[in-house]
Amino acid sequence: MTRRNGYALLSAIIALIVAVSAAIYVGVASDHGSATGKSAPTNERTQRGPAAPASTGIWVGAWSASPVGAEAGTELRGMAGTSVRNVVHTSVGGTSARITLSNLYGQSALTITHASIAVSASAGTAAAVTDTMRRLTFAGSPRVVVPPGQQVLSDVVRLVIPGDADVLVTTYSPTPSGPVTFHPHARQISFLAQGDVTEDATGAAYTGRTGAWRYVTALDVLSHDSDGTVVVFGDSLTDGITSTENANRRWTDVLSRRLRAAVAAGEEVPRYSVVNQGISGNQILASGSGRPADNQAGVGRFRRDVLSRTNVKVVVIALGVNDILRNPNLADPDRILDGLRALVRQAHARGIKVVGATLMPFQGHRGYTDDRENVRRQINAEIRAGKVFDAVADFDEAVRDPYNPRRFRPDYDSGDHLHPSDKGYEQMAESFDLQNLKGAAPAEL
């Protein structure tokens with residue numbers, strides 16, 4: 001087989017993976033500002049939420065997290081009899097809100113009989129600001145059944161959501177539902193309580209603590225402060241696995257704060273929210289085990305985690321290091337680049353601009369070899385030459401040691417020589433050119 005035929009075959013395989021992924025996962029379509037909540041089909045009937053409050057604004061993503069897999073230890077009972085209070089941090093604020101719940105990795109129907117949303121009273125607590133506690137409904141009912149492999153969007157609720165603030169999203173399921181769809185490594189403490197205390201604003205019953213998000217995968221707001229959403233699509237370097245817990249110091253958090261400050265200062269930059277779709281260990285081309293696959297490959301989850309988010313204007317792609325480090329053989333840079341270009345084509349087909357990140361150094365990490373370093377450099381050379389993305393965020397240049405560009409600058413290194421420290425994450429965000437968020441995808445000739 002010639003090299004050209006080999007790449008054609010690879011492109012066909014990637015296209016097949018994308019198509020299969022779309023069939024497996026029923027996503028909520030991007031609404032581009034629609035103010036009507038829609039839930040996934042339940043019992044062969046499409047549920048529709050009530051009309052949105054009489055208000056102006058744009059629907060954007062305020063927070064999101066990718067479903068990663070089925071939580072170990074929940075295979076039989078799920079979270080039956082437990083109130084799960086997820087703590088999520090907003091990128092922007094709004095005057096109304098809606099949430100998405102996922103049962104992607106469930107093997108049986110998930111029955112939620114009670115759900116709520118509230119503004120957190122303070123950081124690191126399960127307590128809510130009392131007058132912000134709202135009951136969530138789905139097609140007008142507090143009860144919703146989410147079939148396995150599907151997700152549901154709540155009705156719109158009137159609630160002032162602050163920007164750069166913690167929000168509490170609580171669910172209660174009385175019956176066993178099987179494996180829980182979750183996102184580990186949240187770097188955010190959430191809370192658990194026995195029994196249905198979904199609308200308890202005091203938080204006193206929430207004595208259990210967890211470092212994972214369960215069921216909830218998105219919070220959208222009706223915003224006057226934002227005109228669209230930036231989705232950051234990546235691995236642990238975007239997930240922020242080594243950032244300080246409960247401090248919101250992932251590089252995406254810093255980028256969000258930079259954007260808000262620039263807008264407030266009157267700078268000519270887009271008014272966008274920023275949401276994080278990073279999964280630790282994620283690869284462009286390879287998925288984990290299971291059906292559906294745990295930690296699904298980037299080419300497979302792109303539709304779900306980017307194209308189906310709300311009012312997306314720009315996607316930032318920061319993937320590829322794990323394809324190098326986790327490949328038992330020497331990774332082929334052309335295969336990785338072809339996978340990245342497949343993501344770009346999907347985004348362009350929806351009119352979404354793509355900013356791509358160079359791959360950061362990892363000398364000193366246990367997986368480092370000179371051959372793998374050469375693969376990284378070849379990929380970065382193509383990215384910098386403008387042969388992959390519409391614009392480039394050169395994170396490699398931002399964090400590398402000027403005396404040894406194969407490794408992190410010491411103060412930007414978390415200590416494992418692969419992930420940044422808080423200062424390193426901050427440097428990534430500070431190096432990001434906000435002007436790259438302007439404009440749209442190039443017109444296809």
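Six strands form an open sheet in which the pairing is antiparallel, and their order is 7-6-11-3-13-14. Its edge strands, each pairing on one side only, are strand 7 (134–135) and strand 14 (208–210). The model is predicted. In total, the protein has nine helices and 23 strands.

**The protein as a whole**
- Of the 445 residues in the protein, 60% are buried.
- The accessible surface comes to about 17,100 Å², and carbon and sulfur atoms account for 50% of that area.
- Among contacts between residues at least 6 apart in sequence, 80% join residues at least 24 apart.

**Pairing within the sheet**
- Strands of a sheet pair through backbone hydrogen bonds, in either a parallel or an antiparallel sense.
- Strand 13 (residues 190–194) pairs with strand 14 over three bridges, in the antiparallel sense.
- Ser190 stands opposite Thr210, which lies in strand 14.

**Helix 7**
- Helix 7 (residues 370–384) has 15 residues, so at 1.5 Å a residue it should span 21 Å; the distance of 21 Å between its end C-alpha atoms agrees.
- The buried residues of helix 7 are Arg372, Glu373, Val375, Arg376, Ile379, Asn380 and Ile383.
- Viewed down the axis of helix 7, these buried residues fall within an arc of 155 degrees, and therefore they line one face of the helix.
- The buried residues of helix 7 pack against several elements, including helix 5 (321–325), helix 6 (333–349), helix 8 (395–399) and strand 20 (353–357).
- Gly386 follows helix 7 and has a positive phi, near 75 degrees.

Notes. Residues are numbered from 1 along each chain as its sequence is written. This is a predicted model: local features need pLDDT of at least 70, side-chain atom pairs count only at pLDDT 80 or more; totals for chains, interfaces and linings use all residues. Side-chain values use heavy atoms; hydrogens and water are left out. Helices (H or I, at least four residues) and strands (E, at least two) are DSSP runs, numbered from the N terminus. Buried means under 20% relative accessible area, exposed over 50%, partly exposed in between (1.4 Å probe, protein chains only). Contact means heavy atoms within 4.5 Å. Accessible areas come from the Shrake-Rupley method with a 1.4 Å probe; for residues, only the protein chains shown count as cover. Two strands pair if DSSP finds at least two bridges between them. The expected span of a helix is 1.5 Å times one less than its number of residues. The arc is that of the directions from the helix axis to the C-beta atoms.
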